[in-house]
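The entries follow the order in which I checked them.

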Amino acid sequence: MIDPFGRKISYLRVSVTDRCDFRCVYCMAEDMTFLPKAELLSLEELDRLCSTFVRLGVRKLRLTGGEPLVRRNIMSLFRNLGRHLASGALEELTLTTNGSQLGRYAGELAGVGVKRVNVSIDTLDPAKFAAITRWGKLEAVLDGVFAAKAAGLEVKINAVALRGVNDEAFDQMLAWCGEHGFDLTIIEVMPMGEIGPQRVDQYLPVSLVRADLAKRWTLEDTDYRTGGPARYVTVRETGRRLGFITPLTHNFCESCNRVRVTCTGTLFMCLGQEDAADLRAPLRASADDALLEAAIAEAIARKPKGHDFIIDRRHTGPSVSRHMSVTGG
Ligand code: SAM
């Protein structure tokens, strides 16, 4: 799959549910309306959809959400998709999770061939963690992280930078990640979905976080890339990597290799644009995958050049109307 700008699409992210057991203040409004279950693709349909993408050239597959590990029987999907790892068709099967259920599933995930997991933690202060996630308990998440480590999974921690909320969290997080052998990525908040508070009040440019950390830590540039939007440095004091994802201060679309599918089978060719393609209708229209493949090809042919996220006092509304939980970050 090659898009109009010559970018090879080899990475698919699938949001397997829009539901989550947390309500992070920058991600969701407190009273979210979720999709009726009937709208969702079944786990068998998600498998068929993912397998079609793998056949078309996807080499990396990430399940996300919502919270992927709260979808009932989600491990059956992981188990089934594991066959593409075994056959060599897929290089990597992974997930982004809030960690709340990792304690239960880490061993099984490792068993089906998952090697890495991204866990979202914005602070190591339990009270602040509870305030940011509204419903989350840091202790359960840390148990999950250590269960993942014990199961042999490589753990990367993702933290969203929030002005006036976790500006001071990153020294402790860098030290903790160093101590336990985790990489850390710091992400700028993106203007997605109505969440109540003003985005401009949450927005903390990651360049400021980096400049501040550089006063106390030796951040050495590296050309390490994962094919994703993060730019990495190595922290000399810990030997671990620190990544920065800066959709607002640095546009990273030129190397974009990914597309996203929601739990209803809607394909978004860009996280920061509204254009989408319905894959559920062609998926359900026939047991043969020809219609589905044609719909995917047609959509890839209109993948846009990039997003135009803006957060400032003149642009207070969201750049895109859907919440991050729809497409899973
Ligand atoms: N529930 C899982 C988790 O917490 O990682 C997966 C879904 S969550 C939507 C994926 C990632 O998106 C998390 O790291 C979360 O912090 C991040 N995220 C959510 N809303 C965001 C926003 N508006 N801007 C930047 N990152 C956001």
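**Entry 1: pairs between charged side chains**

I looked up E91 and found it exposed, at a relative accessible area of 54%. For these labels, buried means under 20% relative accessible area, exposed over 50%, and partly exposed in between, with a 1.4 Å probe and protein chains only.

I noted that this is a predicted model, in which local features need pLDDT of at least 70, side-chain atom pairs count only at pLDDT 80 or more, and totals for chains, interfaces and linings use all residues. Residues are numbered from 1 along each chain as its sequence is written, and side-chain values use heavy atoms, with hydrogens and water left out.

Which residue does E91 form a salt bridge with? I found R59, with the closest N and O atoms 3.4 Å apart. E91 sits in the loop between α2 (74-87) and β3 (92-97), and R59 in the loop between α1 and β2 (60-64), so the pair ties together parts 32 residues apart in sequence. I wrote down that R59 is partly exposed, at 31%.

I counted a salt bridge when a side-chain nitrogen of Lys or Arg lies within 4 Å of a carboxyl oxygen of Asp or Glu. The count by this rule is 20 salt bridges. Helices (H or I, at least four residues) and strands (E, at least two) are DSSP runs numbered from the N terminus.

**Entry 2: two more pairs**

I checked R116 next; R116 forms a salt bridge with E92, and their closest N and O atoms are 2.7 Å apart. R116 is in strand β4 (residues 116-120) and E92 in strand β3, so the pair joins parts 24 residues apart in sequence. R116 is buried at 17%, and E92 is buried at 15%.

I then looked at R55, which forms a salt bridge with D289 at 3.1 Å between the closest N and O atoms. This pair links distant parts of the chain, 234 residues apart: R55 is in helix α1 (residues 43-55), and D289 is in the loop between α9 (280-285) and α10 (290-300). R55 is partly exposed at 47%, whereas D289 is buried at 16%. I also noted a network of salt bridges that links R48, R55, D289 and E293.

**Entry 3: a helix contact**

I looked for contact (heavy atoms within 4.5 Å) and found M75, F78 and R79 in α2 meeting Y105, E108 and L109 in α3.
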